[in-house]
Amino acid sequence: MTRYLLTRAGQAVLVLWAAFTASYVLLQLLPGDSILIKFQNPELGLSPQQIADIRAYYSGGSPIGEYLRTLSGFLTGGFGYSIDTGTPVVERLGEALPETARLASAAFALAVLLAVVIAFVASYSRTSWLRGALLSVPSLFISVPAFWLGILLIQVFSFRLRLVPVIGGGELQQLVLPVVTLAVPISAPIAQVLARGIDQVYAQPFVPVIAAKGATRWWILWRHVARNAVLPTLTVAGLTFGELIAGSVVTETVFGRNGIGRLTEQAVTAQDTPVMLAVVVLAAAVFVLVNLVVDVLFPVLDPRLKAAS
Amino acid sequence: MSSSNLRTAAVMLAVVGLLGACGGQGGAAGAAPSSDQPVYGGTLTYLEHQPPTCLYLPAAGFYPNGGILNQITDKLTWQNPQTLEIEPWIATKWEVNKDATEYTFHLRQGVTFSDGSPLDAAAVAANFDVYGLGNTELKLPVAEFVNNYERSEVVDPLTVKFHFKKPSPGFLQGTSVIGAGLVSKKTISLPYEQQCQLKNIVGSGPFTLKNQIVDKEVDLAARKDYDWAPPSSKHQGRAYLDEIKIIVTPEDNVRVGALTSGQADFVRYVQAYDEKTVKDAGFQIYAEPTRGVNNGLYLRPSNSILKDLDVRKALQAGTDVKEVVDTLFTASYPRATSVLSHLAQGYVDLSKDLAYDPVKAGELLDKAGWTKGADGVREKDGVKLRLGVFVAGPQPLSKQTLELVGQQWAKLGVQLEIRPADAGTQAVDIKDAEKTAVAHSMVGRADQDVIKSHFHSQNRDVILSKDKKLDTLLEEESAEPDNAERNAKVAEIQRYVIDQGYAIPLFEEPQVYGGAPYVKGVAFEAVARPWFYSAWKTQQ
């Protein structure tokens, strides 16, 4: 087990380095740079020479030197300064991260709940139209664009029915609509995989055996089928983390929330390289971590895997 | 996520949104104001379209920056937005020598910055030394509104004198603009990166910073001891409101919906197609003029196709401006009749020279040797008549405007290549006349110098001008101490720009705000940034 963990951790570090380097190179290849974008503002009346001076002031010399300097900064936790706002990147991440963490964790919990309800009710139901209807919900959910859903929810629940404010209001009130917006598309793949997993397990020969022994339908589903169906679902749930980050960019912009997603959007607009790099590495780190946790959970949930390792 | 996608979504919503229509109607609109007597207290919730960027004062022209800085700083002088006259504010009086190279300001006594330090001659001198000369060591750039600055001189604690290398008649107005807000000596001596941050900006204005969540919210609180409003203001003493909450709400229909559902009191940037929604809900639209160079398409003579005057004149004659304004905009966007707004100083009506004439346009293109190819696009020596333009992020409905103009030009056999505004590519290509033959832009400022800001090769240089004559005319305007002479020069420049086909003026760009009916007394500076000093709410 220790060796397994060490290998996985080593791979994780490699993935992080690759993510850093790839995004670093890509950002360097983009036309223009944040300094040009920021200082060409004609209001400031700077000449190209002055802009070049400012760039020289920020730059770290040769491209390789610059890369190594940035990399060593990241390794020691110094993400540099946002060129757009002049504040330390760490400070900006520190402000944005808790907001997104709250949003994403609540959305993930809701997504899992939605998925479980859909898959279970569909599997348990004997009414074929209800089953068909429920199983088509994930395809609907995954096709709903987050920005459209967000605006729809705001229009109906905030502006028309006035149930929750989008401006002001408590933290909990502010969370409701964005959480739903983010949860709906994410619940879709989880529900789909869970429902299919349940179907597959039902087809296995041990199920009729248990039924013949007198187990109730609910007992079979909950105790035997679901437990076996949960493994592929777990993998998908780990992968949907990426969706959470992508979805938060849109959701936070629509709802004007100040999280990682909105920070990303602003950093991209301003081509704020230090912030973008930090966001990419952070997202990669969390992604790697979540998938590591999933891998570690596997043997816990499935004793057969423990025996194999 | 582009906002145009979101907008498309909003249209789809118009249908689906009816679902919730039973949930009640504009309740906030129902409360009629009971009296015109201002009330103290209350919080104004103001929704901004974008977060503020760098708050170094000369960069205050960006509206989200100006909306904050206009509340927390005062200026030496006050430009009356109605008459455009310069009136006293922190300076009680001033003298200008005959050739406008020396300005002496006498300051009001007892004015303090919010950190308690005095707003005296030394502080004013320190401010303008930076705005006029910049500071290389602190990375502080020169401000656009100060020309030919030489030095300051503190005559006595309440008298400050400015010396100029050459006549600088625009300077008096320059002391009233948003970017000339006065900050404490401590603030002005900070390096650029520090002055960019709101928490470091210490002004003497009626409001002070109470709390800031970067990129999300700015809370301003009234300064209780404020007692130096412009003398011409009826309202003196502290601001009526206790607090202003400025909340960044990027989504257009969220801002408008929040306003009409009573969740916000005031919003900036109401799109033309949302104006009706706001009005129908009983709310008020404030379309404030920006009094400068009009929103328009600026043709770059340094481009290899547009270097031909006939081609430029053809595009000018072949653009149906009326159709653009009537189709996409509202009465808040008056059709342009010159390069300058009709409210700008020195404006002349050139609408006769700007008449739509597609036949003439076609003839001019024929004359210039551009003949239609099989695909309907004109060609000359194997080169297609294709011109590039960037969607201008800050201009309202820029993409739609360009698309409509593109359709009109297509009929003439001219292809307009519209590129989306990706900041990086734009920053590089906008300075390349071959790639960006046409610029869609405008600039607001209530002084004759605005036309110089827009066209001079050392300023914004929108047309990437290599036209020495234009530069000379603009310099003469900028250095002319006599106001009537200066206006005459501005008129000459407008005629020249139109005659040379450098501009296709579209409309006089306003800043459009929406306000709740119970919000009173919101004023605007001459270039449409809100001033909440005298604002109050009839209901708390």
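In this predicted model, Glu243(B) is in contact with Gly42(B), Thr43(B), Leu44(B), Lys210(B), Asp219(B), Leu220(B) and Ala221(B), once its neighbours within four places in sequence are set aside. With one of these residues, Lys210(B), the link is a polar contact between side chains, at 2.7 Å. Glu243(B) belongs to strand 10 of chain B, which covers residues 243-248. Its relative accessibility is 14%, so Glu243(B) counts as buried.

Strand 10 of chain B also takes part in the surroundings of a helix in chain A. The buried residues of helix 11 of chain A pack against this strand, and against helix 5 (89-124), helix 10 (217-255) and helix 12 (273-301) of chain A. Helix 11 spans residues 260-269, and its buried residues include Ile260(A), Gly261(A), Arg262(A), Leu263(A), Gln266(A) and Ala267(A). After the helix comes Gln271(A), with a positive phi near 50°.

Turning to the cysteines, one disulfide is counted over all chains. The bond joins Cys54(B) to Cys196(B), with an S to S distance of 2.0 Å. Distant parts of the chain are linked in this way, the two residues being 142 residues apart: Cys54(B) sits in the loop between strand 1 (43-48) and helix 2 (63-72) of chain B, while Cys196(B) sits in the loop between helix 6 (192-195) and strand 8 (207-213) of chain B. The disulfide is left-handed because the torsion about the S-S bond of Cys54(B) and Cys196(B) is about -80°. Cys54(B) counts as buried because its relative accessibility is 5%, and Cys196(B) counts as buried at 4%.

Terms used:
Residues numbered from 1 in each chain as written. Chains lettered and ligands numbered in written order. Predicted model: local features only at pLDDT ≥ 70, side-chain atom pairs only at ≥ 80, totals over all residues. Heavy atoms only, no water. Helix = DSSP H or I, 4+ residues; strand = E, 2+ residues; numbered from the N terminus. Buried < 20%, exposed > 50% of the residue type's maximum accessible area, 1.4 Å probe, protein only. Polar contact = N/O pair within 3.5 Å; in protein donor to acceptor, adjacent residues only side chain to side chain. Contact = heavy atoms within 4.5 Å. Disulfide = S-S within 2.5 Å.
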